[in-house]
Amino acid sequence: MESLGVVLSNVANLFGEPDTGGELVTQAIIGTSLAIEESTDGWHYARLPDQYHAWIEAKHVREYAQGEPAYASEGQIAEIQELLAFLHSRPDDTSRAPAMQVTIGARLEVAEEHEERVRVVLPDGSALWMRRNDVEIKEGNSPRPRGTVQQVLETAKRFLGLPYLWGGTTPLGIDCSGFVQLSYHLHGVSLLRDSSIQYTLSLIH
């Protein structure tokens, strides 16, 4: 029976088979809800929001309790605007090593909002602080406004110089189809994962 869960890790790797030595096929960022279709030996076979299917280690996922709303679907959320943003244990802790790093597009639940800092609650229930300037505060589940061609191009230019990573979908490492998908995703346009499918759909539409 299918169940639902949420990604706990900043960036979780997904594979073509339940083996970390196998092919890395895609990634999912913290807060991403997914459908678990099968589980075996510490792994989940999951369906991502873009309908991509792959294997993810169970340690990177928390299954929702029955009737629990999806993470960051209610109340206020903080959407990361910087390519990379740091989270800290205390609001005045920026001189110390960060507790965590998150990537652009991640949506985190807001617990407190101040002029310069925001306290967010992560999918595992822990709370950390981040710079207010790194995020945009929105209502949970609010759709991203559809961007113009120029806005998509400007966002794509921000990713110039990022390291190439087969299966990568974030500024920490990204492949060609991940680059296209992310550039459009941040402007309210959902594309499927693989470049061949993206190309085929572009011909249709």
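# Notebook: sheets, cores and salt bridges

**Entry 1: a strand pair.** I began with strand S4 (residues 33–40) and strand S5 (residues 43–47), which run antiparallel and are joined by five bridges. Across this pair, Ile-36 stands opposite Ala-46 in S5. I noted at this point that the model is a predicted one.

**Entry 2: the sheet around that pair.** I then looked up which sheet holds S4 and S5. Seven strands make up an open sheet, and their order is S3-S2-S6-S5-S4-S1-S7, with antiparallel pairing. Strand S3 (24–29) and strand S7 (61–63) are at the edges; each has a single partner strand, so one side of each has no neighbour in the sheet. As background, strands of a sheet pair through backbone hydrogen bonds, either parallel or antiparallel.

**Entry 3: a hairpin.** Next I went to S12 and S13, which run antiparallel and are joined by five bridges. In this pair Val-118 stands opposite Met-130 in S13. The two strands S12 and S13 form a hairpin with five residues between them. In the turn, Gly-125 has a positive phi of about 95 degrees.

**Entry 4: the nonpolar cores.** Which residues of the largest nonpolar core touch the most other members? I found Ile-80, Leu-87, Val-102, Leu-108, Val-120, Leu-122 and Met-130, out of 24 residues in that core. Several strands each supply at least two residues of this core, among them strand S9 (84–87), strand S11 (107–113) and strand S14 (135–139). The largest share, three residues, comes from S8. Apart from this core lies another, of 13 residues, including Val-7, Leu-34, Ala-46 and Ile-56. Ala-46 is the residue I had already noted opposite Ile-36. I then listed contacts of Ile-80, leaving aside its neighbours within four places in sequence: they include Ala-85, Val-102, Leu-108, Met-130 and Val-135. In soluble globular proteins, nonpolar side chains tend to be buried together.

**Entry 5: Arg-144.** Is Arg-144 buried or exposed? Its relative accessibility is 16%, and buried means under 20%, so Arg-144 counts as buried. I placed Arg-144 in the loop between S14 and helix H1 (149–158). The side chain of Arg-144 reaches the backbone oxygen of Gly-105 at 3.0 Å. It also makes a polar contact with the side chain of His-185, at 3.1 Å. Beyond its neighbours within four places in sequence, Arg-144 is in contact with Glu-79, Gly-105, Arg-107, Lys-138, His-185, Leu-186 and Gly-188.

**Entry 6: salt bridges.** The count of salt bridges comes to 13. I looked up three of them.

- Asp-92 and Arg-90 meet through their side chains at 3.9 Å, N to O. Asp-92 is exposed, at 58% relative accessible area, while Arg-90 is partly exposed at 40%.
- Glu-112 and Arg-119 meet at 2.8 Å, N to O. Glu-112 is partly exposed at 28%, and Arg-119 is partly exposed at 24%.
- Lys-157 and Glu-154 form a salt bridge with their closest N and O atoms 3.6 Å apart. The two residues are three apart in helix H1, so about one helical turn separates Lys-157 from Glu-154. Glu-154 is partly exposed, with a relative accessible area of 40%.

Last, I noted a network: salt bridges that share partners join Glu-79, Arg-107, Lys-138 and Arg-144. Side chains of opposite charge can pair when their charged atoms come close.

Conventions:
Residues are numbered from 1 along each chain as its sequence is written. This is a predicted model: local features need pLDDT of at least 70, side-chain atom pairs count only at pLDDT 80 or more; totals for chains, interfaces and linings use all residues. Side-chain values use heavy atoms; hydrogens and water are left out. Two strands pair if DSSP finds at least two bridges between them. Helices (H or I, at least four residues) and strands (E, at least two) are DSSP runs, numbered from the N terminus. A nonpolar core is a set of buried Ala, Val, Leu, Ile, Met, Phe, Trp, Tyr and Cys residues joined through side-chain atoms within 4.5 Å. Buried means under 20% relative accessible area, exposed over 50%, partly exposed in between (1.4 Å probe, protein chains only). Contact means heavy atoms within 4.5 Å. A polar contact is a pair of N or O atoms within 3.5 Å; within protein, one must be able to donate a hydrogen and the other to accept it, and residues adjacent in sequence count only if both atoms are side-chain atoms. A salt bridge is a side-chain nitrogen of Lys or Arg within 4 Å of a carboxyl oxygen of Asp or Glu.
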